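The sequence and the model are shown first.

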Amino acid sequence: MSTEQAITIISAGIMLLLLIFAVDWRYFQDWIVVFLFKGLLGIIWGGAVAQLKMITYPVRLFAQVYDSSLFFEVWVFPVLCILYNQITREKGLWAILGYAVLFSGGITALEYPLEKYTALITYVKWTWVTSFYTLTLTFLISRAFIAFYRWGCRYFGGREREVR
């Protein structure tokens, strides 16, 4: 087993454990929306970045089909977005911004050595700073989306329909 395969398997297991034990499943409807939204956003954004050859992923799942790291885009990052949105669910603007920076800093701190010492990711026209601010932006977009989703559910779902 290669180092890259071991890292992928360990990461998958950690994300599964976080999903099972750290997520407050009373808000399942919100979290599934965050997961699917972030997965879709990741496929689009990650695919574009990989197509533009800004980042390459020498070792990845489904390499013959997709240029980006599907594992990160549709599993790791969506689970982390659920946790971020759960933590900031009842928080104000400064906490939302602060946690976005903390989560992004944590991911970037792990990504940088992965880029330096493994074949999981290679920066071409990219830097750790670019990763940091795009991750932060993506966390904030996911937070804005779930806030909009909740508002829409309350606004459209809470009205009594006029019967004619």
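Predicted model: local features only at pLDDT ≥ 70, side-chain atom pairs only at ≥ 80, totals over all residues.

1. The protein chain contains 5 helices and 2 strands, which follow one another along the sequence in the pattern α-α-β-α-α-β-α.

2. Along the principal axes, the C-alpha atoms of the protein chain fill a box of roughly 65 × 35 × 30 Å. Of the contacts between residues at least 6 apart in sequence, 72% join residues at least 24 apart.

3. Of the 164 residues in the protein chain, 37% are buried.

4. Helix 1 comprises 19 residues, 3–21, and reaches 27 Å from its first C-alpha to its last, close to the 27 Å expected at 1.5 Å a residue.

5. Which residues of helix 1 are buried? They are Glu 4, Met 15 and Leu 19. These residues lie on the same side of helix 1, because they cover an arc of only 40° around the axis. Helix 3 (70–87) is included in what covers them.

6. The face of helix 1 turned away from the buried side carries the exposed residues Thr 3, Ile 9, Ile 10 and Phe 21. For Phe 21, the relative accessible area is 66%; a residue counts as exposed over 50%.

7. Phe 21, which lies in helix 1, also takes part in a nonpolar surface patch of about 430 Å². The patch is made by Leu 16, Leu 17, Ile 20 and Phe 21.

Conventions:
Residues numbered from 1 in each chain as written. Heavy atoms only, no water. Helix = DSSP H or I, 4+ residues; strand = E, 2+ residues; numbered from the N terminus. Expected span 1.5 Å × (residues − 1). Buried < 20%, exposed > 50% of the residue type's maximum accessible area, 1.4 Å probe, protein only. Arc of directions from axis to C-beta. Contact = heavy atoms within 4.5 Å. Patch = residues over 30% accessible without salt bridge, like charges linked within 9 Å, V, L, I, M, F, W, Y side chains within 5 Å. Areas by Shrake-Rupley, 256 points an atom, 1.4 Å probe, with all protein chains shown as cover. Salt bridge = Lys/Arg side-chain N within 4 Å of Asp/Glu carboxyl O.
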